[in-house]
Amino acid sequence: MDLSIFLIQVLNSVQYGLLLFLVASGLTLIFGIMGVINLAHGSFYMLGAYAAFTLSSLTGNLFSAIAIGVVLAVVFGYLLEWIFFSFLYERDHLQQVLLTYGLILVFEELRSIIVGDDVHGVPVPAALSASVPLGSTMSYPVYNLFISAACLVVAALLFVLLRRTRLGMMIRAGASNREMVRSLGIDIHLLFRVVFALGVALAAFAGMVNAPASSVYPGMGNQVLIICFVVVVIGGIGSVPGALVAALLVGFIDTFGKVFLPDYSGMLVYLLMAVILIWRPEGLFRESAV
Amino acid sequence: MSALRRALPLVALAALIVLPALAGKFYVELVAKIMILAVFAMSLDLLVGVTGLVSLGHAAFFGLASYMLVLAAPDKYAATSLWISLPLAVAASALLALAIGALALRTRGVYFIMVTLAFSQMVYFVFHDTKIAGGSDGTYLYVKPVASIGSWTPLDLGNARHFYYAMLALLLLSFAFLRMLLASRFGHALRGIRSNEQRMRALGFNTYAYKLAAFTIAGAIAGLAGYFSAVQFGFVNPEMASWHQSANVLLMVILGGLGNLFGAIVGAFALVLAQDFFSSLTKHWLLLMGGFVILVVMLLPGGLVGIERAWLHWRAHRG
Amino acid sequence: MLGASRLTRRFGGLTAVDRVSIDLERDAIHALIGPNGAGKSTLINLLSGALDPSEGSISFRGEPVPAGRPERMAHLGIGRTFQRSNVFPDFTCFENCRLAAQARTPRPWAVFEPALRCRRSKDAAERALVTVGLGARRNVPASALSHGERRALEIAMCLAADPQVLLLDEPLAGMGTEESQHTLKLLRELKHERAILLVEHDMDAVFAVADVITVMADGAVLASGPPEAVRGDRAVREAYLGEAR
């Protein structure tokens, strides 16, 4: 394989992996801290993408659309936790699965009613629409580099939040021992609401920033969801570093898989998961007890 | 249990037996379809309601068996023998369940749910992406399997009425088999695993082996349902192994009530009828469906079968 | 019958059990006492196979036993109770014991035979329930039992499996005086043909019933021997009995 094509695939892998990381980190935190399995998490990604579409049509500017969108996502996540998800904590996994599945149906249909079922494209902002030459014949879109850069920045911010702030310390404590956090007198309800809003915002941001590169279509949330489940299983529930490693691993395997084994690329990721399970059933970086 | 409750299943059975004489072809086919789904739901109830294993990938076994029927025909227009293609399909599902179970059961709780989902997606992609049987478009079953042994043909699976009674027999036989299984030492042990797995291990039960056996049996019975579903529709596509199908059957089980097989049967009827009803109301019926799912799970934790108990409980707490 | 040699278990930096050797003899009640955190429950977990040791070995009747396999231990005839009642809450007392008895002859492939037709497991369950005094409560779901009754059910489940070694983790905790007396009398009867390890905090009960006492503190054995020897041991008095008096 020629060097510039290889480089392109590497860049694609990193981009995909980082996007998956943003969505999966929310999923793993929500599960690790609140103990809720949330099938609707992929819907947040989808809603983010559709929000980017409608907002950028309204404002004419993708960056302001993303800024507004993130704020909306945080508010939406906060309210959703309060109105709906807080009732799921006491329930068993089966009920959580079905309740969040019902939520997926509701979100999909509401989107269908409000925005319709068409596939949409979101225009790339003019400032980022150029391409970077790679080698003599190939080039790589600047916007895709922007996506990876934006995800990296957000990922870095997330790590700073988790490692260096008091909130982050509470989140990490909650991920490994929910009861202890409660007994420390921390307002657990507020913590849950914040974590949930954070998770929604991360997923929505991923959807928004990726919208110009891939189209915006119904069902995009479901595909992301299942891959993110695989990422969380491989990385270990509750572990954000684990989610990063796993997401990048999945990004590379999926991207290079499509190149070398196009007919089987869909299955490769699951095969990876099977291999990891044989070796370490609790995931690579197990942090909390399930 | 009141006399009414005891009589209900018998009344229902009687209704099922006389239905073809009273109703038109549409209803005969609809109820046959529901009975197949009821078998599918009972197999999942064995896992979820009895053993406590929440599998979100049960459709993989349903879908595999359907495809096996189509793939078993040497050429498109040749009919296979029921007595060969059916065991083949069920064995394939059982083997797949054994393989997936062996790996998935190394995990617990939420991991298990996610892993079963992911493995069934793998199966879905095998059918969706490769050229095995028409890819995402699916394939038609041009000729239904033939149930002859030598020159004797006891039933014609293409005849709606024959097919209906065959499915009723399938439902009754599956029910009887599963009831027997539940009453056995194996069944009691499965319930023990659901109640307190750690204690079961401490008592000396090899819980992994029990869970794997349950998973395999459930997969085989799901395959049984999948095979006849393909026979009925004459068409297979990857959606039969999709996670929507898995979520659907899970819904049937919880809607009806976990742990006693009647719940699965009631759930299958209730869900299909609810879907038909909602889709007749509006194009956006999935919204109603989503709301319905949420309401049922929130308000009826014991399912429809437990509705009497839920009603008494509610009345007792109001007064 | 059941012996452990230099059994050690570490959790990260903490050594919960430190080179403990212990022998459980037939026809004897061996009591294990020590302050909270001494490692007594961890030792029981090791002996019953619920945990595998970081170092050391366990033998049953002279034969070495594979570590970390509770199923194996149960099959060899080593039964245990739990410090916090660990029963099947949705089942009746009878079914709790019947399942425990079924474990000895599981025969899972006998799918055509209803479990309730097995005389052996039903009789074993009945006997166990009557022995601990729960005969009248046989059809009550375990979740509806009082705390003391649940402790008794723990013992009944252990008995229903007809074990040769009983590892009892604070069986008297939460029991009233009368129930405790009944249980102690039961233990004296049970020790014939069996070996019993009794972890307890109630010193009167321990000295009333034990043939051998081992004292643990900070994961290690402080002293071990007949009750009077232990009562007189100065290190033990300082570390533990002094506090309890």
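**View 1. An open sheet of 6 strands in chain C.** The strands follow the order β6-β7-β8-β3-β9-β10 (chain C), with mixed pairing. Strands are DSSP runs of E with at least two residues, helices are runs of H or I with at least four, and both are numbered from the N terminus; two strands pair if DSSP finds at least two bridges between them. At the edges stand β6 (78–80) and β10 (220–225) of chain C, each with a single partner strand, so one side of each has no neighbour in the sheet. This is a predicted model, in which local features need pLDDT of at least 70 and side-chain atom pairs count only at pLDDT 80 or more, while totals for chains, interfaces and linings use all residues. Residues are numbered from 1 along each chain as its sequence is written, and chains are lettered from A and ligands numbered from 1 in the order in which they are written.

**View 2. Strands β7 and β8 of chain C.** Strand β7 (residues 165–169) and strand β8 (residues 195–199) of chain C pair in the parallel sense over 5 bridges. C:Asp169 has C:Val199 in β8(C) as its bridge partner.

**View 3. An open sheet of 4 strands in chain C.** Here the order is β2-β1-β4-β5 (chain C), and the pairing is antiparallel. β2 (14–24) and β5 (63–64) of chain C are the edge strands, each pairing on one side only. Strand β4 (residues 55–60) of chain C is joined to β5(C) by 2 bridges, and the two run antiparallel. Opposite C:Ser59 stands C:Pro64 in β5(C).

**View 4. Chain C against chain B.** Contact (C-beta atoms, placed from the backbone, within 7 Å) links 26 residues of chain C with 20 residues of chain B. α2(C) gives the most to the side of chain C that touches chain B, with 4 residues.

Definitions and conventions:
Contact = placed C-beta atoms within 7 Å.
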